[in-house]
Amino acid sequence: MAVARKTIGERLAQLEAQRKTLQIRLGKQERAIDTRRKVLIGALVLHRLEHDRDVQFAGGIAEWLRRELPKFLTRDGDRDLFDDLLKPQANEPTIGNIGNGSVAS
């Protein structure tokens, strides 16, 4: 029984296809890691805004976000997600009302 041997060109094409498949998988993995990092950093910032007892620190973060987010967010739908942080409240935001859209009375 004779076994058909692949030519060098066929083997190179097969290796190139495998390389492309691995490159795609690596790209997906890197994007997933990047997304997870962004979610965790965002969660930390929101946690500090909502729970930090140092009002000056939380207020500083809120002020920084109000200054920087409008430059960073390009779509109206994205801005809508941060209405509670972008719009200055009648009363200066407190830790309890930053992040949940409520205003302290």
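**The largest pocket and its surroundings**

Modeller: By class, the lining of the largest pocket has 11 nonpolar residues, four charged ones and one polar one. Here Ala, Val, Leu, Ile, Met, Phe, Trp, Tyr, Cys and Pro count as nonpolar, Asp, Glu, Lys and Arg as charged, and the others, Gly among them, as polar. Keep in mind that this is a predicted model: local features need pLDDT of at least 70, side-chain atom pairs count only at pLDDT 80 or more, and totals for chains, interfaces and linings use all residues. Residues are numbered from 1 along each chain as its sequence is written, and side-chain values use heavy atoms, with hydrogens and water left out.

That makes 16 lining residues, and Gly42, Leu65, Leu69, Phe72 and Phe82 sit nearest the centre of the pocket. (A pocket is an open set of points on a 1 Å grid over the protein atoms alone where a 1.4 Å probe fits, with protein on both sides within 12 Å along at least five of seven lines; lining residues have an atom within 4 Å of a point.) Helices α1, α2 and α3 (76-81) each give two or more residues to this lining. The largest share, six residues, comes from α1. The pocket's volume is about 470 Å³, taken as the space filled by probe spheres set on grid points joined across faces, edges and corners.

Now step back to the chain. It has four helices and zero strands, so defined by DSSP runs (H or I, at least four residues, for helices; E, at least two, for strands), numbered from the N terminus. Along the sequence you read α-α-α-α. Of the 105 residues, 15% are buried, where buried means under 20% relative accessible area, exposed over 50%, and partly exposed in between (1.4 Å probe, protein chains only).

On to the charged side chains. There are eight salt bridges in the whole structure, a salt bridge being a side-chain nitrogen of Lys or Arg within 4 Å of a carboxyl oxygen of Asp or Glu. In one of them, Lys38 meets Asp34 at 2.9 Å, N to O. The two are four residues apart in helix α1 (residues 8-51), which means about one helical turn separates them. Lys38 is exposed at 55% relative accessibility, while Asp34 is partly exposed at 34%.

Arg48 pairs with Asp52, with closest N and O atoms 2.5 Å apart. Arg48 is partly exposed at 32%, whereas Asp52 is buried at 12%.

Over in helix α2 (residues 55-72), Glu68 and Lys71 are three residues apart, again about one helical turn. Their salt bridge has its closest N and O atoms 3.3 Å apart. Glu68 is partly exposed at 26%, and Lys71 is exposed at 59%. This pair also belongs to a network of salt bridges that links Glu63, Arg67, Glu68 and Lys71.

Last, the greasy bit outside: Ile8, Leu12 and Leu15 make a nonpolar surface patch with about 330 Å² of accessible area together. Areas come from the Shrake-Rupley method with a 1.4 Å probe, and for residues only the protein chains shown count as cover. Patch members have over 30% relative accessible area and no salt bridge; like charges are joined within 9 Å, nonpolar side chains (Val, Leu, Ile, Met, Phe, Trp, Tyr) within 5 Å. Ile8 is in helix α1 and counts as exposed at 62%.
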